[in-house]
Amino acid sequence: MTTDALQDLMAALVRSQQQRHEGIAYLLGRTDGAVTLAVAVFAPEARTTAGSFHVPPRAMVSCMQAAARFELQVVAQVHTHPGQAFHSDGDVEGAKIRYPGYASLVLPDYGRFLPSLAGAAAYLWQKPHGWIELSDDDIIIIPAGGPWTSNSFTTV
């Protein structure tokens, strides 16, 4: 995930943190099925409570259209829990997008530790195994201004 995406994620979850409701956002980027790169955040209209969220179909369509407009994929779902981060039975059942390289990130305490991902639970969908839990080392925050930015490419 880029630092810009992490900053946008923090902004997307502020309202739910203030309400003490679960928050939801989608990460847009690219995946080849093994490596997933998130570069943007989409915050959908959602119904939320202290212990749940629901994204209506029309909001998901808007998310997919935003990704397509920039030739990106919806590569991850990020949501918060009121306490500890883990994939609950409802999270597993409710994650409707599933394809190799799609990620799911659950943040503890309504995401209040952001930008730190300490205590987060991260998963990657891989056939035929389903959701594979990732380690802390599997998540990398890419600093801004590196050689991958469009202003830094050099032609030889």
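Biologist: Which residues lie nearest the centre of the largest pocket?
Modeller: Keep in mind that this is a predicted model. In it, 20 residues line the largest pocket. The ones that lie nearest its centre are M1, T36, D138, I139 and I140.

Biologist: And which elements give two or more residues to that lining?
Modeller: Let's go through them by number. Two of them are β2 (36–42) and β5 (73–80).

Biologist: How many residues in the lining of the largest pocket are nonpolar?
Modeller: Sort the lining by class. You get 2 polar residues and 1 charged residue. The nonpolar count is 17.

Biologist: How much space lies in the largest pocket?
Modeller: A rolling probe the size of a water molecule shows where empty space is left. For the largest pocket, that space comes to about 410 Å³.

Biologist: Which side chain meets R58 in a salt bridge?
Modeller: Side chains of opposite charge can pair when their charged atoms come close. Here the N to O distance is 3.4 Å, and the cut-off is 4 Å. R58 sits in helix α2 (residues 57–69), and its partner, 13 residues apart from it, is in the loop between β2 and β3 (47–48). That partner is E45.

Biologist: Are R58 and E45 buried or exposed?
Modeller: To count as exposed, a residue needs over 50% relative accessible area. R58 and E45 are both exposed.

Biologist: Is H87 buried or exposed?
Modeller: Look in the loop between β5 and α3 (89–94) to find H87. Its side chain makes a polar contact with the side chain of S104 at 2.7 Å. The relative accessible area of H87 is 13%, and the cut-off is under 20%, so H87 is buried.

Key:
Residues numbered from 1 in each chain as written. Predicted model: local features only at pLDDT ≥ 70, side-chain atom pairs only at ≥ 80, totals over all residues. Heavy atoms only, no water. 1 Å grid on protein atoms, 1.4 Å probe; cavity = no way out; pocket = protein on both sides within 12 Å on 5 of 7 lines; lining within 4 Å. Points joined across faces, edges and corners; volume = space filled by probe spheres on them. Helix = DSSP H or I, 4+ residues; strand = E, 2+ residues; numbered from the N terminus. Nonpolar A, V, L, I, M, F, W, Y, C, P; charged D, E, K, R; others polar. Buried < 20%, exposed > 50% of the residue type's maximum accessible area, 1.4 Å probe, protein only. Polar contact = N/O pair within 3.5 Å; in protein donor to acceptor, adjacent residues only side chain to side chain.
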